[in-house]
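Q: I'd like a close look at just one part of this protein, with enough of its surroundings to see how it sits. Could you walk me through it?
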Amino acid sequence: YCVKENNHGKRGKVIGVIGNSRTIKRGLLFSALSYLSFETYQAICQAAVVHAIDKVEEVLEQADYLYESGETEKLYQLLIQYKESEDAELLWRLARASRGIAQLSTTSEEEKKVLVYEALEYAKRALEKNESSFAVHKWYAICISDVGDYEGIEVKIANAYIIKEHFEKAIELNPKDATSIHLMGIWCYTFAEMPWYQRRIAKLLFANPPMDPNFYSKNLLLLGKTYLKLNNKKLAAFWLIKAKDHPAHTEEDKQIQTEAAHLLTGL
């Protein structure tokens with residue numbers, strides 16, 4: 001009994017050592033596989049990130065080309081696929097595209113309202129993702145302004161100060177962006193319609209225009225309308241003719257041509 005027990009005990013110890021050795025080997029193998037798996041996982045993730053960045057850049061290039069070409073509907077169809085994106089560059093472009101569709105003459109009033117609010121939501125998300133982008137501030141301000149048409153006069157007046165703040169931030173971030181300066185001018189023009197503010201704003205804005213007025217057809221129209229308000233018919237006619245004859249690349253350009261022609265008939 002004692003011999004058996006001793007033999008059995010020895011056998012137990014040998015078996016225990018072998019068992020422990022196998023456990024250690026399995027542990028080392030598992031650790032090695034885990035490390036390799038982690039390395040592979042990291043490599044796959046890095047490759048996916050690079051691919052995703054490349055994909056975003058490709059989409060942005062396509063979007064900018066379509067925008068410059070005046071392909072409003074194609075632009076919207078391209079970007080709406082990325083409405084759940086977390087990329088600010090995609091989101092502000094989607095806000096711009098949504099607004100573009102809203103402005104089409106074929107868009108119903110109900111659809112326009114939906115698109116205007118959707119555009120604001122995209123711009124707001126873009127701002128949350130990147131507060132250092134001048135384009136984000138610019139389009140956020142534009143979208144707030146659009147929504148004001150549905151919110152009533154009190155909200156519209158309150159929003160005016162928010163709009164001004166974001167246009168100023170856009171100009172601060174990119175002083176060479178003519179669109180931001182133009183839109184800041186529109187903001188001032190709105191207040192210039194008030195008799196007590198009219199001369200002061202006109203003097204500030206139009207003595208030495210801070211940008212090339214020909215870069216955007218609406219600039220030409222607004223210059224003409226401003227001179228009309230100042231009863232300077234000669235200069236009003238000069239700018240309105242330029243607005244009427246400016247090449248029309250977008251639906252808005254066509255509307256501006258029509259309005260300019262209508263104003264000219266009254267001079």
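Let's take helix α9: which of its residues are buried?

A: Some ground rules before the tour. This is a predicted model, in which local features need pLDDT of at least 70 and side-chain atom pairs count only at pLDDT 80 or more, while totals for chains, interfaces and linings use all residues. Residues are numbered from 1 along each chain as its sequence is written, and side-chain values use heavy atoms, with hydrogens and water left out.

The protein has eleven helices and zero strands. Helices here are DSSP runs of H or I with at least four residues, strands are E runs of at least two, and both are numbered from the N terminus. Of the 267 residues, 35% count as buried, meaning under 20% relative accessible area with a 1.4 Å probe and protein chains only (over 50% is exposed, in between is partly exposed).

Now to your helix. The buried residues in α9 are Ser217, Asn219, Leu220, Leu221, Leu222, Leu223, Gly224, Thr226 and Tyr227. With 13 residues, α9 reaches 19 Å from first C-alpha to last, close to the 18 Å expected at 1.5 Å a residue; that expected span is 1.5 Å times one less than the number of residues. Take Thr226 in α9: it counts as buried because its relative accessibility is 5%. Its C-alpha lies 7.5 Å from that of Ala236, ten residues away along the chain.

Ala236 takes us into α10 (residues 233-245), where it is buried along with Ala237, Trp239, Leu240 and Ala243. These buried residues pack against α9 (217-229) and α11 (251-265). The length of α10 checks out too: its 13 residues should span 18 Å at 1.5 Å a residue, and the end C-alpha atoms are 18 Å apart.

What about α9 and α11 themselves? Their axes come within 9 Å and cross at roughly 25°; axes are lines fitted to C-alpha atoms, for helices over the stretch in contact, with angles from 0 to 180 degrees between N-to-C directions. The crossing of α9 and α11 is left-handed, so the near helix is turned anticlockwise from the far one by less than a right angle (clockwise would be right-handed). On the α9 side, Ser217, Lys218, Leu221, Lys225 and Leu228 meet α11's Glu252, Asp253, Ile256, Glu259, Ala260 and Leu263, where a contact means heavy atoms within 4.5 Å. If you're eyeing the spacing in those lists, an α-helix has 3.6 residues a turn, so residues three or four places apart point the same way.

The α10 and α11 pair is also left-handed in its crossing, with an angle of about 145° and axes 8 Å apart. There, Ala237, Leu240, Ile241, Ala243 and Lys244 of α10 meet α11 residues including Ile256, Ala260 and Leu263.

Finally, the nonpolar cores: sets of buried Ala, Val, Leu, Ile, Met, Phe, Trp, Tyr and Cys residues joined through side-chain atoms within 4.5 Å. In the largest one, of 43 residues, Leu79 and Phe167 touch the most other members. Apart from that one lies another core of twelve residues, among them Tyr227, Trp239, Ile256 and Leu264.
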